[in-house]
Amino acid sequence: MSMAVVLPALGESVVEGTISTWLVKEGDHVERDQPLVEVTTDKVDAEIPAPVSGVVERIAVSEGEVVPIGAELAWIATLNTAHGIPHHTPHNPAETAAAEIASRSAWNRAAPDRLRATPLAMRVADAQNVPLEDVSPTRSGGRVTKRDVLRYASLRGESVAQDVDWESAPASVQPQQRSQSQSQSQSQSQQQPVPVSQPATRSPFGTSPSHDKPSFASYTLQEGDRLIPITPLRRLVADHMVYSKRTSPHVGTVAEIDMSGVDAVRNKHKKGFVDTHGFALSFLPFLVHATVRALRESPGLNASVLGDAIVEKVHCHIGIAVETDRGLVVPVIRHADRLSLAGVAQAIEDLSRRARSKRLSADELRGGTFTISNPGRNGNLYGFAIINQPQVAILRMGEIVKRPVVRTLCGEDVVVIRPVMHLALSYDHRAVDGAPANAFLYRVRELLEQAEFDL
């Protein structure tokens, strides 16, 4: 019999993934749990394993394609234990057709007349101003390939940008259909620079189609400019951020926090902590510990908007934004309110280390109820982060620096030096009003300044 390999859920709010690299080919024998394909999403690079041992019977999607969660990626014919040969049951034609439709990417579904071209050919055609309707396929299967597009461009007498890394170009960019007159005018203006961004019905950065843009929003490539193709991961991150800004009316509030108490506790246990746990104790676990205590007192911040209702979560799962060389990911500390300060620190260290080495599982990236962003030592004064949907708030740390502050000592106001941090809260005004948002941030500040932490 045959078993389908489907794209699993790879994180909360992830609806699609980009096929990066196939690690097997049709006809290969694979073992159960052997990696078959690498998939990129806005949250993680994942290897999809084989659900059973057998022979790769069919690969349903190509590298570079964007497919929705649940789409069939391949079929594996399991081995007949009696005869030692693979066998499979015939496919139902209706089911096969439905699977093919489900596996198409969102941008393919939006433009049925472009389905006869491969995703890579579409991207090359976009950049070379080649109308796909004029290109004839040269290979069996009737699909236009990259080679066909470049051949057409060279026959038309145009210079071909061979040095662009088309394989890394964004798979989701899909140009607006050009009229015949537009194609002719573009052919006649061969000496003009190639525009950086071509007309698109779906911009990789979530902006409106370029035909709706004013003229000043356009740019043409100049000599010496460096063209950096938008990677699938960068596009997905951009889509998520733009969606969040459009969905949630963001409001921000900032607190100035005296971290001298936390600093004293940290310095007191610094050496012993390293000896016991093998890594340094940072300020972030203290903030997480204070945040989860404040969330228990302000459940409206540990929530999501669901249709016409607001859901206050029973569990407290804290996402920690981690910057990697491939972009931002947000692994989740499960039940952070049940952990000691040392337990929180261990969870942060483990997740951060594996996030940077791309060893996180999909389960470790889903289910967060509140997010904390720590930009590190170079975080500047403060900044407002974009809410991680479908949550309703996100807390961003500023840098901790020594500043002069006024304190009352023995009845006298004096200027003293204290380590100070600015903490910025972004919240969704659909679900959270100003008073509870400010009360929550004030409580976080109060807990940090009291510094009553027990490792």
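Ala451 lies in the segment after α10 of a model that is predicted. Helices are DSSP runs of H or I with at least four residues, strands are DSSP runs of E with at least two, and both are numbered from the N terminus. Ala451 has a positive phi of about 55° although it is not a glycine. With a relative accessibility of 13%, Ala451 counts as buried; buried means under 20% relative accessible area, exposed over 50%, and partly exposed in between (1.4 Å probe, protein chains only).

Residues are numbered from 1 along each chain as its sequence is written, and side-chain values use heavy atoms, without hydrogens and water. Because the model is predicted, local features need pLDDT of at least 70 and side-chain atom pairs count only at pLDDT 80 or more, while totals for chains, interfaces and linings use all residues.

**Backbone angles**

- Most residues other than glycine have a negative phi, and most peptide bonds are trans.
- Asp33 also has a positive phi, near 75°, and is a residue other than glycine.
- The loop between β3 and β4 (35–40) holds Asp33, which counts as exposed because its relative accessibility is 52%.
- Gln389 and Pro390 are joined by a cis peptide bond, with omega about 5°.
- Pro390 is in the loop between β17 and β18.

**The whole protein**

- The protein has 10 helices and 19 strands.
- Of its 455 residues, 45% count as buried.
- The accessible surface of the protein comes to about 22,800 Å², and 52% of this belongs to carbon and sulfur atoms. Accessible areas come from the Shrake-Rupley method with a 1.4 Å probe; for residues, only the protein chains shown count as cover.
- Among contacts in the protein with a separation of 6 or more, 66% come from residues 24 or more positions apart. Contact means heavy atoms within 4.5 Å.

**The open sheet**

- An open sheet is formed by 4 strands in the order β1-β8-β6-β3, with antiparallel pairing. Two strands pair if DSSP finds at least two bridges between them.
- Its edge strands are β1 (2–6) and β3 (29–30), each of which pairs on one side only.
- β1 and β8 run antiparallel and are joined by 5 bridges; Val5 stands opposite Ala74 in β8.
- Strand β6 (residues 54–59) and strand β8 (residues 72–78) also run antiparallel, joined by 5 bridges.
- In β8, Ala77 is the bridge partner of Val55, and Trp75 is the bridge partner of Arg58.
- β8 is mostly covered, with 7 of its 7 residues buried.

**A hairpin**

- Strand β12 (residues 303–306) pairs with strand β13 (residues 309–312) in the antiparallel sense over 4 bridges.
- Val305 stands opposite Ile310 in β13.
- The hairpin of β12 and β13 has 2 residues between the strands, and Gly307 takes a positive phi near 65° there.

**Aromatic rings**

- The whole structure contains 4 aromatic pairs. Rings of Phe, Tyr and Trp (its six-membered ring) pair if their centres lie within 6.5 Å; planes under 30 degrees apart count as stacked, over 60 as edge-to-face and the rest as tilted.
- One of these is the edge-to-face pair of Phe273 and Phe279, at 5.3 Å centre to centre with 85° between the planes.
- Phe273 counts as buried because its relative accessibility is 4%, and Phe279 counts as buried at 13%.
- Phe286 and Phe453 form an edge-to-face pair, 5.1 Å centre to centre with 85° between the planes.
- Phe286 lies in helix α8 (residues 284–297) and Phe453 in the segment after α10 (434–450), so this pair ties together parts that are 167 residues apart in sequence.
- Both Phe286 and Phe453 are buried.
- Arg266 lies over the face of Phe283, 4.5 Å from the ring centre. A charge sits over a ring if NZ of Lys or CZ of Arg is within 6 Å of the ring centre and within 35 degrees of the ring normal.

**Two buried residues**

- Val288 is found in helix α8 and counts as buried because its relative accessibility is 0%.
- Apart from its neighbours within four places in sequence, Val288 is in contact with Ile318, Ile320, Val344, Ile348 and Ile372.
- Asn388 is in the loop between β17 (370–373) and β18 (393–409), and at 10% relative accessibility Asn388 counts as buried.
- The side chains of Asn388 and His240 make a polar contact (3.3 Å). A polar contact is a pair of N or O atoms within 3.5 Å; within protein, one must be able to donate a hydrogen and the other to accept it, and residues adjacent in sequence count only if both atoms are side-chain atoms.
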